[in-house]
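Please read the following explanation with the sequence and the structure side by side.

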Amino acid sequence: MAKLLDKQHYKCALGAMQTVQAIERALPILHSGPGCAQKLSESTGSSGYFSPNIFPCTSINEKDVVFGGVKKLESTIENALKVIDADLYVVLTGCIPEIVGDDSGEVVSRFEDSEKPVLYAPTAGFKGNNYKGHEQVINAIIEQYLKKSDKKQKGLVNIWADVPYQDLFWLGNLRELEKLVSELGLTPNTIFGYRRGIENIKKIPEAEFNLLVSPWVGLTNVKKMERKFGTPYLHYKTLPIGATETSKFLREVGKFAGVDEAKVEAVVKEHEDYYYYLIERYADLFLENRVINKQFSVVSDAHYALGITKFLANDFGLVPAKQFVVDDTPKNVQEEIAEEFKKLNYGLEAEVAFETDGYKIHNEIRKHDYHGYPLVLGSYYEKEVTEELKGNFLNIAYPVQDKVIIDDSYVGYTGGIRLIENIYTVAVSRFN
């Protein structure tokens, strides 16, 4: 039986247009009803080289439902190739054309000899959310554009993390992951953001391995690349935030890549020394404040819920209350991810709920006894319930409506410091 969701924290699969948009000079071509792009791009600050306001779209109507929209799709692709200067064109389908049976893939195949690559990803909303749509776009690149390479570049590592724009910290996080990997003497390769794009996409089959930093999003992609290109992958499930997890991350990546252990430890020591110097400067604030309670909840996708829970528990000794994963995590990986929430220092374990209904989540937060001011890190939807409980709230997940994020990051040692700054800024503001 169908059910209503209150305050869902994701978009439909067509939101993958923002995955395409995050690839420099890549253009989504939408085979959908009018208005989808505008609705899906709200509140993300997603403009750039191509704005959602100019994405080519078939804008199919009632006539197309009856007679099909494939001719309109073909002409839309033809005209996009003529008038819009892009390096990569990706056709994304909405609900209507897939319901009526348009063979969009066949239409796209007519352009296989075009000067610029034209790909196709099925992203109807009824097939899943934009996390799944993101994977569909990467799969389209793997299956329809890339070919196996006989040469491998020594030390080249493809880095994959969370979903661009859905995670508003995506750009800063990727750059920080690149920096950390570079310090190990490896060469990072990412396809999203400034000066990455098509040239970096071409390098994907040449990498020595894929590094996936995500609890589950992207796992189907790296497995597909292992089958097609013979590229092994390291699946690091926890977003590394702060010293404990980032040091573990560097050691695991170094071991997988065969980096000299002494070199890895030197990198870790340099970062940890400065990290703990910064923490010590504010130790009195962290230990003696009366407005950050020891218990906290995170309401976010698995990416941030797991990363932030481990950071606050392992680096700051806070006690996790119930954590809420809101990305409609596939059932076949929920148990494995739930086990990760039990791998905390000091014998701590976090109970986790995989829940997409904001109404139920807010009721559980209200019922829990935080023994003081609750700390809630989540989407803007959680602000009201936190204020109702006179708690401390930080907006770290979609939708984000109380801050502008350009290239900020919560990844790594510096990301941990940024997150603590943000949390305690909220706390000390209570005194004023």
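**Helices, sheets and core**

Helix 7 (residues 130-144) and helix 10 (residues 219-229) have axes that come within 9 Å of each other and cross at roughly 10 degrees. Helices (H or I, at least four residues) and strands (E, at least two) are DSSP runs, numbered from the N terminus. Axes are lines fitted to C-alpha atoms, for helices over the stretch in contact, and angles run from 0 to 180 degrees between N-to-C directions. Helix 7 and helix 10 are therefore roughly parallel to each other; angles under 35 degrees count as roughly parallel, over 145 as roughly antiparallel, 65 to 115 as roughly perpendicular and the rest as oblique. On the side of helix 7, the contact is made by E135, I138, N139, I142 and E143, where contact means heavy atoms within 4.5 Å. Helix 10 contributes L219, T220, N221, K224, M225, K228 and F229.

Two points about the model apply throughout. This is a predicted model, in which local features need pLDDT of at least 70 and side-chain atom pairs count only at pLDDT 80 or more, while totals for chains, interfaces and linings use all residues. Residues are numbered from 1 along each chain as its sequence is written, and side-chain values use heavy atoms, with hydrogens and water left out.

Strand 2 (residues 88-93) and strand 3 run parallel and are joined by four bridges. Opposite V91 stands Y120 in strand 3, and the bridge partner of L92 in strand 3 is A121. Which way do the residues of strand 3 (residues 118-121) point? V118 and Y120 point one way, L119 and A121 the other way, and all are buried. Buried means under 20% relative accessible area, exposed over 50%, and partly exposed in between, with a 1.4 Å probe and protein chains only.

A further open sheet has four strands in the order 5-4-6-7, and its pairing is parallel. Strand 5 (187-189) and strand 7 (233-236) are the edge strands, each pairing on one side only. Neighbouring strands of this sheet are turned against each other by 25 degrees on average, direction ignored. Between strand 6 (residues 209-213) and strand 7, the parallel pairing extends over four bridges, and L212 stands opposite H235 in strand 7. Helix 8 (residues 170-183) packs on the sheet, where it touches strand 4 (156-160), strand 5 and strand 6. The direction of helix 8 makes about 150 degrees with that of strand 4.

The interior may be considered next. A nonpolar core is a set of buried Ala, Val, Leu, Ile, Met, Phe, Trp, Tyr and Cys residues joined through side-chain atoms within 4.5 Å. The largest such core has 124 residues, of which L211, L312, L377, I396 and L419 touch the most other members. Helix 14 (residues 302-314) gives the most to this core, with eight residues. Leaving aside residues up to four places away in sequence, L419 touches I241, I308, F311, L377, L394, I396 and Y410. A second, separate core has nine residues, including F324, I365, Y370 and V385.

Helix 14 packs against helix 18 at an angle of about 80 degrees, with the axes 12 Å apart. Helix 14 and helix 18 are therefore roughly perpendicular to each other. In this packing, I308, F311 and L312 of helix 14 meet G416, L419, I420 and I423 of helix 18. The loop between strand 13 (392-395) and helix 18 (412-428) holds Y398, which is buried, with a relative accessible area of 14%.

Finally, the cysteines deserve attention. A disulfide is a covalent bond between the sulfur atoms of two cysteines. A search of the whole structure finds zero disulfides, the criterion being a pair of cysteine sulfur atoms within 2.5 Å. Why is C12 in no disulfide? The nearest cysteine sulfur, that of C95, is 6.0 Å away, and this is too far for a bond. C12 is partly exposed, with a relative accessible area of 28%, and C95 also counts as partly exposed, at 31%.

Definitions and conventions
Two strands pair if DSSP finds at least two bridges between them.
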